[in-house]
Amino acid sequence: MVAIEKIFHKKLYKNGLKEGYLVKKVNGIEVDDILDIFFNLSNKSVIEVLANGRETKIITLQEEDFKYLSFEGIKPKKCGCKCIFCFVDQLPKGMRRTLYFKDEDYRMSYISGNYVTLTNLTKKDLDKIIGYKLSPLYISVHATDPIIRAKMLGVKRNADIIPILRKLVKNNIKIHTQIVLCPEINDGEILKKTIEDLASFYPQLETIAIVPVGLTSHRNGLTAIKNVNKAVSDSIFDLVLPYQQKFRKKFGTPIVFLSDEFYILSGKKIPEADFYGEFPQIENGVGLLRCFIEDAKRFFEKNSISKLCIKGNICIVTGYLPYKKIKPYIKRLSDFTNCKIKLIPVINDFFGNSITVTGLITAQDIIKSIKGKRFNYLLIPDVMLRDRKDYFLDDISLKELSKTINVNAFKFSPTIS
């Protein structure tokens, strides 16, 4: 059952609805979540509600009436895996509670693009995905070898993903997949097999993103995993490039993509925009730098843009990994706008120096990195702010940061448009 949280039109009160009522059925279909409500509406919908926790009422509503109703959100299912690379297990103590919750829910994959392993998928869940056409889904595969996948997910039950993928693609569910690359565990021949297995499901399976494992300095008692360095990155390029060339020639798309970290570690040129298509894996760091570069080019090519003139100095913070790639464009922006703009790479002491991406930088590390530097404005890439509005991962708000450093801090999207 799903609770009605808000009613925004008085006519619905006249129909017998009240806030707090629980929706049990819509057109005879039992309701477990809001998907069951909205996927079973008709021009005239008969809903069965539980009033005051005891009385059942039958109410008929027009389809348009539902836009005046707000329902309780989905409560994500908890992940039952113990992934050897899980970032949540590598978090330090004292962070906000929501960051320690591991969700594993196919509904959130459909709604928000969250990656899921599907290890807790039931027959009822699978039937709902197919029946409602919940597409696309974002699936963490890591390895198609069942033994290796079970090891990586930290589960003893069957972790074979192939039968599930086969069922999904057979029913035209679009899929995006990811592989968290752990050296000497799911690379080499295991990675080859994974790529070949997944590519066999094209075109329903649209992309494969390979991202390097992220290892913080808070891994006491966890499985030993090697970091992805330049040598590992080079070997991954050697393995993946032939597949990309083969798939582009055969399908018109590489299918398999490496996240930006691999290009930076290996010192290779970021691919052109057409390589990434519509950038479906940008949330995984696939093509993010190319987007920045292309947006910067468009900015500088616009003849209609008048040059800005802001009094004072501007500081922009970023992670160490993309610093060298971004720096030339920030300099051009500084010259173009007549503003004094300085790009500062932030050392990540909170998670450990091996974490160099921008999205995992905390307020306290920003404060340490800009100490002693003079400027009038601080620009914060919005990827640093997660979960609650305008809060960093260490639970310090953007407003609190501004107050601490006594400088106006503003968030911005790390692209120029």
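Two strands pair if DSSP finds at least two bridges between them, and strands themselves are DSSP runs of E with at least two residues, as helices are runs of H or I with at least four, both numbered from the N terminus. On this basis, Glu48 has Ile58 in β5 as its bridge partner. The structure is a predicted model, in which local features need pLDDT of at least 70 and side-chain atom pairs count only at pLDDT 80 or more, while totals for chains, interfaces and linings use all residues. Residues are numbered from 1 along each chain as its sequence is written, and side-chain values use heavy atoms, with hydrogens and water left out.

**Strand pairing**
- Strands β4 (residues 44-51) and β5 (residues 55-62) run antiparallel and are joined by eight bridges.
- The hairpin of β4 and β5 has three residues between the strands, and Asn52 takes a positive phi near 55° there.

- Thr177 belongs to strand β8 (residues 175-181).
- Thr177 counts as buried because its relative accessibility is 0%; buried means under 20% relative accessible area, exposed over 50%, and partly exposed in between (1.4 Å probe, protein chains only).
- The Thr177 side chain reaches the backbone oxygen of Thr207 at 2.9 Å.
- Beyond its neighbours within four places in sequence, Thr177 is in contact with residues including Tyr115, Ile139, Leu205, Thr207 and Gln281, where contact means heavy atoms within 4.5 Å.

**Nonpolar core**
- A nonpolar core is a set of buried Ala, Val, Leu, Ile, Met, Phe, Trp, Tyr and Cys residues joined through side-chain atoms within 4.5 Å.
- The largest nonpolar core has 90 residues, of which Phe85, Leu118, Ile139, Leu168, Ile195 and Ile210 touch the most other members.
- Helix α8 (residues 230-251) gives the most to this core, with seven residues.
- Setting aside neighbours within four places in sequence, Ile210 is in contact with Ile179, Leu181, Leu191, Ile195, Val240, Val256, Phe257, Leu258, Ser259 and Phe262.

**Salt bridges**
- A salt bridge is a side-chain nitrogen of Lys or Arg within 4 Å of a carboxyl oxygen of Asp or Glu, and by this rule the count comes to 23 salt bridges.
- Asp36 and Lys128 form a salt bridge through their side chains, with an N to O distance of 3.1 Å.
- This pair links distant parts of the chain, as Asp36 is in helix α2 (residues 34-38) and Lys128 in helix α4 (residues 123-132), 92 residues apart.
- Asp36 and Lys128 are both buried.
- A salt bridge also joins the side chains of Lys82 and Asp89 (3.6 Å, N to O).
- Lys82 is partly exposed, at a relative accessible area of 48%, and Asp89 is likewise partly exposed, at 22%.
- Asp349 forms a salt bridge with Lys368, their closest N and O atoms being 3.1 Å apart.
- Because Asp349 lies in the loop between β12 (340-346) and α12 (363-369) and Lys368 in helix α12, the pair ties together parts that are 19 residues apart in sequence.
- Asp349 is partly exposed at 43% relative accessibility, and Lys368 is partly exposed at 46%.
- One network, joined by salt bridges that share partners, holds Asp33, Asp36, Asp105, Arg107 and Lys128.

**Cysteines**
- With a disulfide defined as a pair of cysteine sulfur atoms within 2.5 Å, the count comes to zero disulfides.
- Cys79 is in no disulfide, and the nearest cysteine sulfur, that of Cys81, is 4.1 Å away.
- Cys79 is buried, with a relative accessible area of 16%, and Cys291 is buried at 17%.

Definitions and conventions: A polar contact is a pair of N or O atoms within 3.5 Å; within protein, one must be able to donate a hydrogen and the other to accept it, and residues adjacent in sequence count only if both atoms are side-chain atoms.
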